[in-house]
Amino acid sequence: MPMNLKFITNQKEAFAVFNPDAKDLLRLNLMYHMVFPIIMIFVQAYLWGDTKDPKINIIYTLGSFGGNYLGYLINAFLLRKISIKPLFYIGLILSVLPMVLIVYFVEVNISSIVWYGLLFGIGTGMYYSCRNFLSYLVTNEESRNFFAGMEQFIIIISNFITPFLFGFVII
């Protein structure tokens with residue numbers, strides 16, 4: 001058996017150790033991380049094309065970084081009162097909502113971009129904190145490191161392949 005096929009067979013067998021919830025979470029993470037770079041590229045390109053001002057892109061990015069921390073804090077407080085499932089989906093929606101709002105409803109200026117960057121960051125922070133907690137809940141001690149490795153593999157490959165394919169399609 002060629003080495004590549006043996007490797008793939010071994011990975012399939014190792015993947016079988018996950019329960020259905022863990023497999024579903026990995027699939028959802030794959031979908032999210034295939035779309036996430038497209039959202040980032042699209043928003044940055046739209047802001048640049050609309051304003052030709054690098055400060056706007058920088059402010060949006062800084063707002064999203066600040067919002068990321070706020071998302072973790074907000075999620076920590078909300079998890080005490082609300083189930084994790086709705087918070088997870090709210091995080092997903094808030095990650096996409098600013099892109100739609102920027103394109104359709106907003107005049108691009110510094111104050112609006114700060115708020116939309118914060119909103120995007122809050123959604124991303126909520127998504128990642130829920131994802132981390134769900135990863136803990138759906139794995140056991142024996143499979144947790146492998147699960148985390150699979151998540152990181154998905155993130156790295158998606159962050160490489162998606163922008164490449166998206167750029168190829170645009171050109």
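Reply: Happy to! Let's look closely at helix H2, starting with one of its residues: His33 is placed in this helix. (Helices are DSSP runs of H or I with at least four residues, numbered from the N terminus.) Because its relative accessibility is 1%, His33 counts as buried; buried means under 20% relative accessible area, with a 1.4 Å probe and protein chains only. Leaving aside residues up to four places away in sequence, His33 touches Tyr127, Tyr128, Arg131, Ile154, Ile155, Ser158 and Thr162, where contact means heavy atoms within 4.5 Å.

A word on the source: this is a predicted model, where local features need pLDDT of at least 70 and side-chain atom pairs count only at pLDDT 80 or more, while totals for chains, interfaces and linings use all residues. Residues are numbered from 1 along each chain as its sequence is written, and side-chain values use heavy atoms, with hydrogens and water left out.

Now for a partner helix. The axes of H2 (residues 20-51) and H4 (residues 84-105) come within 10 Å and cross at roughly 20°; axes here are lines fitted to C-alpha atoms over the stretch in contact, with angles from 0 to 180 degrees between N-to-C directions. That makes H2 roughly parallel to H4, a label for angles under 35 degrees. On the H2 side, the contact includes Leu25, Tyr32 and Phe42, and on the H4 side it includes Phe88, Ser95 and Met99.

Stepping back, the protein has six helices and zero strands, and 36% of its 171 residues are buried.

Notes. Helices (H or I, at least four residues) and strands (E, at least two) are DSSP runs, numbered from the N terminus. Angles under 35 degrees count as roughly parallel, over 145 as roughly antiparallel, 65 to 115 as roughly perpendicular and the rest as oblique. Buried means under 20% relative accessible area, exposed over 50%, partly exposed in between (1.4 Å probe, protein chains only).
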